[in-house]
Amino acid sequence: MSSDPEKMMSKADKMTKLTLTRWSADWRGATELYEQAANGFRASSKYERAKVALEKASQGQVMQSSPWDAAKHMESAAALAQKLSIWNEVADFYRKASELYVECGRAQPASDALGKAARALEDVKPEDAIQLYTDACEILEEDGRDQMAFDLYRACASVYIKLEKFTDAATFFLRLGVAADKCDATNSQCKAYLSAIIVYLYGHDLKQAEKCYNDCSQIDAFLKSDQNRAASRLLTAYNEGDIEEIKKVACSSTVSNLDHAIIKLARKLPTGDVTAVQMNAGDDLDEDDLT
Amino acid sequence: MTVINIIFRVEEICKKYDKYDVDKQRELGASGDDAFSRLFNSIDTDIESVVHKAELASTETNRAAAVALNAEVRRTKARLAEDVVKLQKLAVKKVKGLTKEEREARCDLVIALADRIQVIPDGHERQANNEWGGASAPNKNIKFDISEGLDALKNLARDMNEELDKQVPLMDEMETKVDGATSDLKNTNVRLKQQLVKMRSSRNFCIDIILLCVCSELKLVTASTDILIAIVKPMVTS
């Protein structure tokens, strides 16, 4: 058999084309040739051709009802597409691989595939990355593996923060809190709630932060935690306009154990005019004021 | 100068030069000439002076001076404790003219002296009270560092706990799958062996191979003899 990848590709293409002399495609033989051709192209750094060979190998595995191998080939093709910076194909290939993994009944690899796609597209196409992260989280939640989704939630929230969509980021942290609550992961849950409050404060939304704090205080695990104390101190400091106290809380060990993105936001607090809050608090009517 | 002044001055001079009065010293100690007595007396006078210093330190208002006095008292106490050890050795030594009872009395004197030295106040208990009364800055910093370190440890421990909780079901799943794979492999091996035995036992297999080799060699030999005969025959007939 010829070792030239191009010849292998053309031979494999012939094997799959139906003609008068060939009434059925030999997918098995063709898939083997496609795989060998892909290895050959990769060895000679012809990544474009290797990508095409892997795509066809994946299709061959699908025709042989072997979705696991097909998914593996698709992932390899997607990795090559990433190397070549063909971003549309990266997303498409990883999605296809994810669907094939779901067909195999394997939720974790399916979610991992989408996670890899999202990570690849974070910088170039953040909106698509967010969608991919969300889909990855949903796959794991449907399979009852909420605990494995924590990292995906955090990554998605950090993308939102980069895009300065603070409300969405806080919402994702609250979703993380819900997932953590299902798994009794109280530490992650409390950290998620504190992160959400800090994100609201960074976005100049003190009211939302207070509402969030009031809602989270209904949860026993959060009520007894260090994160609750830190949040309470932070909000009190905001209401009193005590900038020193805000900075102190932001540098405390409780905040320093959160995600890096949140620590960066916390260190920059207070944003905006804290004294305005203090003045608004002073506008409350005096009891002795009879006007 | 009046007579009374002269009397006082003479008394002061006598007190100053008392130690040179041999008769008086003999009266004070039973045998004032030996080393034990000399050392005993010097330790006794030192103890008096240390007690006096300790009293001064307790009444001193200036904290720095009080600290210096207390340090001096502690240093002297340590030196006296070493001297008491020497005195103890001298007390048990046999001396000419000394009875057994007197030797035992000397040992008791040494023990009493050691107790007197221990009892001298050197400001430790007061220092201990002051430490807790007004916490000094280095202690505060140390406590702050310890609390920060403990916070970090607590957070690490909680995160590790969560991570372990996450990994435990994965490990269980992996164990189940590996157990399944192991049992499949065992079954496959058993079936393979049965198949091989059914096809051919190992002894028969070896015999088959040997016979095949022998047959192939025989064929070669017959073929070569045929060729030889074919070559030789024309030569013979001619």
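User: In which helix is Val232(B) found?

Analyst: Val232(B) sits in helix 8 (residues 202-237) of chain B; helices here are DSSP runs (H or I, at least four residues), numbered from the N terminus. A word on the source: this is a predicted model, where local features need pLDDT of at least 70 and side-chain atom pairs count only at pLDDT 80 or more, while totals for chains, interfaces and linings use all residues. Residues are numbered from 1 along each chain, chains are lettered from A, and side-chain values use heavy atoms, leaving out hydrogens and water.

User: How many salt bridges does the structure hold?

Analyst: A salt bridge is a side-chain nitrogen of Lys or Arg within 4 Å of a carboxyl oxygen of Asp or Glu. Over all chains there are 24. In one of them, Glu6(A) pairs with Arg49(A) at 3.2 Å, N to O. This pair links distant parts of the chain, 43 residues apart: Glu6(A) lies in helix 1 (residues 5-16) of chain A and Arg49(A) in helix 3 (residues 47-63) of chain A.

User: Where do Asp83(B) and Arg79(B) lie in chain B?

Analyst: Both belong to helix 4 (residues 63-91) of chain B, and because they are four residues apart, about one helical turn separates them. Asp83(B) is buried at 12% relative accessibility, whereas Arg79(B) is partly exposed at 39%.

Conventions
Helix = DSSP H or I, 4+ residues; strand = E, 2+ residues; numbered from the N terminus. Buried < 20%, exposed > 50% of the residue type's maximum accessible area, 1.4 Å probe, protein only.
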